[in-house]
Amino acid sequence: MPKAMNCRKTIRQLPAYLDDELSEAEANAVREHLEVCVFCSTELAAMKATSGMLDSWRSISPRRRYVDAVIAQVRAEERGVVERGRAWVRLVRSPWTVGAIRAAATLVFVAGALVFSGRVPVRETTEKMALDKGEQFPSAKELILLDEDVRRSYISPSEYWLALRGIENRGRMIPTFLRNRPLGRTPSGGFIPVSGGFPEVEHIYFPDEGMPMESVIPVESP
Amino acid sequence: MKRPLEVLSDEDAMSLVKKGDMEAFAELAGRYEKRLLNFLNRFVGNVAQAEDLVQATLLRVYQARGRFKGTGKFSTWLYTIAANLAKDYLRKTKKYRLVSLEAPVGQSSKVIDFCEADGESASETVQRNETARAVRLAVSKLPRHQRMAILLSHYENMSYEEIGKVLGCSKGTVKSRIFRAKMRMKQFLADYLAGRKVAQSDELQEDDTTTAGLSRR
């Protein structure tokens with residue numbers, strides 16, 4: 001076998017030779033070659049030096065016991081599952097549940113009958129109040145277009161309408177993080193924070209010509 | 001009589017973990033926390049991220065405890081989980097989140113990674129820290145599969161066969177990856193340290209000329 005070929009093969013074996021990962025026969029072949037080849041011996045020395053340099057990257061010590069956090073998480077999850085399980089069983093077995101469902105069904109039936117018979121007028125809902133002002137609701141298609149983050153921060157026209165007037169919307173408040181943000185108006189009349197990156201925003205809407213958002217969006221209740 | 005946890009083998013401790021024994025789990029985790037932290041830190045190049053990955057690995061071990069059959073070594077199984085989580089992390093971040101070695105390193109890693117060792121003179125420490133810096137950079141430049149192989153081989157003292165099991169490849173592939181990694185590192189370190197020496201000698205020469213200039217005045 002020509003020497004160049006043998007050197008090439010030997011060099012490929014050197015890391016495994018140093019790591020003691022060669023068979024006896026392979027290790028002997030490498031050893032024999034190294035005895036007569038200065039080039040490969042130099043290469044071996046260089047590889048040993050490289051390995052020696054790797055040792056200079058010392059180990060670091062853990063700053064805390066990581067397992068404690070893991071055990072706490074595991075216990076919390078297990079407790080959560082058990083408690084959820086127990087709560088569910090209690091709820092289903094409770095005689096109050098059956099009674100409450102019956103009462104609710106009766107109430108809905110009676111209320112529906114009264115409304116449809118025209119005896120009781122439809123109560124003004126926030127949605128209706130907003131619709132009366134000519135505002136539209138987002139279509140299902142538009143909501144699908146919004147990505148998950150934006151969808152969560154979407155403010156419906158009615159919510160916005162109420163916010164402008166400082167009316168609490170049945171306990172639902174404009175999220176804190178939306179305060180002081182310019183809002184983009186979507187084609188159907190909804191609003192999203194402009195930083196949400198919704199591409200179909202018609203224009204950036206600063207309510208009441210420069211009125212600070214703080215004053216038009218109510219502060220989130222504690 | 002129940003044997004103390006400390007004398008149990010990893011695999012025996014794991015069989016207790018499978019029954020939900022948290023003390024055995026803590027004992028096992030304690031044996032590997034430091035090794036995992038270092039392996040992951042060297043792979044992702046970020047101490048804080050490595051710490052998160054250690055926790056994620058331990059959690060995964062507990063959640064998947066039923067899947068450990070006990071036919072192989074626990075350490076191989078553990079490193080397989082850690083390696084997969086680390087690879088996933090790098091894939092998700094889509095770029096190597098490696099600490100820039102040219103820019104000043106963060107206080108924490110500086111304190112932890114570059115410190116004086118016992119019985120070492122100040123100049124030796126400086127020299128070793130400089131080499132360690134070069135090694136970190138060299139490791140960070142390796143392709144992920146080569147980096148993983150060299151870390152498991154050199155720092156975790158795993159055999160090529162074990163590494164093959166962790167990485168899901170043959171012993172021959174591991175051998176080839178380690179060869180390539182070593183060759184790359186050898187070349188990189190030689191160039192890097194030669195460059196540093198040139199830069200240092202240039203600085204010295206500049207200092208000399210400055211001093212000469214000053215003395216002439």
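Colleague: Leaving aside neighbours within four places in sequence, what is Thr97(A) in contact with?
Modeller: Thr97(A) touches Leu91(A) and Val92(A). Two residues are in contact here if their C-beta atoms, placed from the backbone, lie within 7 Å. Bear in mind that this is a predicted model, where local features need pLDDT of at least 70, side-chain atom pairs count only at pLDDT 80 or more, and totals for chains, interfaces and linings use all residues. Residues are numbered from 1 along each chain as its sequence is written, while chains are lettered from A and ligands numbered from 1 in the order in which they are written.

Colleague: Which element is Thr97(A) in?
Modeller: Helix H5 of chain A, residues 95–116. Helices (H or I, at least four residues) and strands (E, at least two) are DSSP runs, numbered from the N terminus.

Colleague: And is Thr97(A) buried or exposed?
Modeller: Thr97(A) is exposed, because 12 other C-beta atoms lie within 10 Å. The cut-offs are 20 or more such atoms within 10 Å for buried, 12 or fewer for exposed, and partly exposed in between.

Colleague: How many helices and strands does chain A have?
Modeller: There are 10 helices and three strands. From the N terminus on, the order is α-α-α-α-α-α-α-α-α-β-β-β-α. Of the 222 residues in chain A, 17% count as buried.

Colleague: What about H2(A), how many of its 13 residues are buried?
Modeller: The number is one, so H2(A) lies largely in the open.

Colleague: How far apart are the end C-alpha atoms of H2(A)?
Modeller: They are 19 Å apart, which agrees with the 18 Å that the 13 residues (24–36) should span at 1.5 Å a residue. The expected span is 1.5 Å times one less than the number of residues.

Colleague: Switching to the interface, how many residues of chain B are in contact with chain A?
Modeller: 35 residues of chain B, which meet 25 residues of chain A. H2(B) gives the most to the chain B side, with nine residues.

Colleague: How does that chain B side divide by residue type?
Modeller: Into 18 nonpolar, eight polar and nine charged. Ala, Val, Leu, Ile, Met, Phe, Trp, Tyr, Cys and Pro count as nonpolar, Asp, Glu, Lys and Arg as charged, and the others, Gly among them, as polar.

Colleague: What's the mean pLDDT of chain B?
Modeller: It's 81, with 76% of residues at 70 or more; pLDDT is the predictor's confidence in each residue, from 0 to 100. Over residues 95–116 of chain B the pLDDT is below 50, though that stretch has 26 contacts beyond near neighbours in sequence.

Colleague: And what are the ipTM and pTM?
Modeller: The model scores ipTM 0.77 and pTM 0.61.
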